[in-house]
Amino acid sequence: MKKNLWQILFAASFLWASVVSVLYWQLRSNPRVIAITTDMSGADKDRPQNFQLSEMEKVTFMRQYLDRYFTYDSNNFWQSQTSLTFLMSQSLREKRIQEVQRLRDKIQSKSLNQRSLLLSLTNKGGNQYRALLSLQISEQQGKVNQLYVAVDLAIEDTERTLENPWGLLITKMEIPQTSPEAMLISGTLGIREKAPLVITFPCAIENVEAVPESVLETKITTLNVSEIQLTAAKKLEAPVAMTAYCKDREYHFNVSSTDKESDLFRAFTVDLAMARKKDPAGAGQKKKDIYDKTIENVLGIKIEN
């Protein structure tokens, strides 16, 4: 009886291992990512939620691409830059590999460390974008150089694969301007109808106020730093004055509708903050903060002040 049981278990294990091996080699020979998502083709593209998700994915893709492109050190330069080429079109990929090969020995012979911060990302129309970044470049003697870079990008849809799960490709990348001095960025942010605008802050946001209220949908993610996503359901009739409050500082900015260039991302840095004003003692009722408003919208209830 025991002998037969062992034979059955051995046969079952062998069969299971064979099936798994066949499936594995099928996947290796056809490395596609199957994404369970909403159909973004045809009429489905016109649905506001699908359009917003598609635009948000593009913003996230470009943020991660630019961070990987401009952030590296002497030890990981070759690996990080060659793996990034899977997100480029064929012509850009070949050009970048040649460039990395040319710079490889020079960069690896130094103690080089480059860090980037995306300051803004703007849609110039269609699939054309412009990004502004701040780079900090440190070398062996501890000397740190600051450089500001403007980057023009174009993207297009492609098939999702294991190497490129985004299904997006960079088809153009040019650097028309570099400067050791900070580049001017408008204090007013332009927002397109139904397209998300992401704003980051270097502190934990406690509250966000807008005048007038209820014209922008606001989502906030906060830990030690905060990220706010703004969406306009329809064209804004007038600019919206916004204030974001941290514990000891506050940020003031305006958001207005635009039909041409629109902002997709903006990073507010420490130097743009103002000292937070103290509320006069006993002045009126406490205003609802972003968390109260989120609970009201999600649960459909009204929170008393």
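Mentor: What follows describes the cavity, its lining and then a neighbouring stretch of the sequence.

The model is predicted, so local features need pLDDT of at least 70 and side-chain atom pairs count only at pLDDT 80 or more, whereas totals for chains, interfaces and linings use all residues. Residues are numbered from 1 along each chain as its sequence is written, and side-chain values use heavy atoms, without hydrogens or water.

The structure holds one cavity of 30 Å³ or more (a set of points on a 1 Å grid over the protein atoms alone where a 1.4 Å probe fits but cannot get out), and the volume of the largest cavity is about 30 Å³, taken as the space filled by probe spheres set on the points, which are joined across faces, edges and corners. Its lining, meaning residues with an atom within 4 Å of a point, consists of L119, L132, L133, Y148, V149, M183 and I185. The elements giving two or more residues to this lining are β3 (128-138) and β4 (144-157), strands being DSSP runs of E with at least two residues, numbered from the N terminus.

N164 is buried, with a relative accessible area of 3% (buried means under 20%, with a 1.4 Å probe and protein chains only). A polar atom of the N164 side chain lies 2.8 Å from the backbone oxygen of L168.

Technical notes
On a 1 Å grid over the protein atoms alone, a cavity is a set of points where a 1.4 Å probe fits but cannot get out, and a pocket is an open set with protein on both sides within 12 Å along at least five of seven lines; lining residues have an atom within 4 Å of a point. Helices (H or I, at least four residues) and strands (E, at least two) are DSSP runs, numbered from the N terminus. Buried means under 20% relative accessible area, exposed over 50%, partly exposed in between (1.4 Å probe, protein chains only). A polar contact is a pair of N or O atoms within 3.5 Å; within protein, one must be able to donate a hydrogen and the other to accept it, and residues adjacent in sequence count only if both atoms are side-chain atoms.
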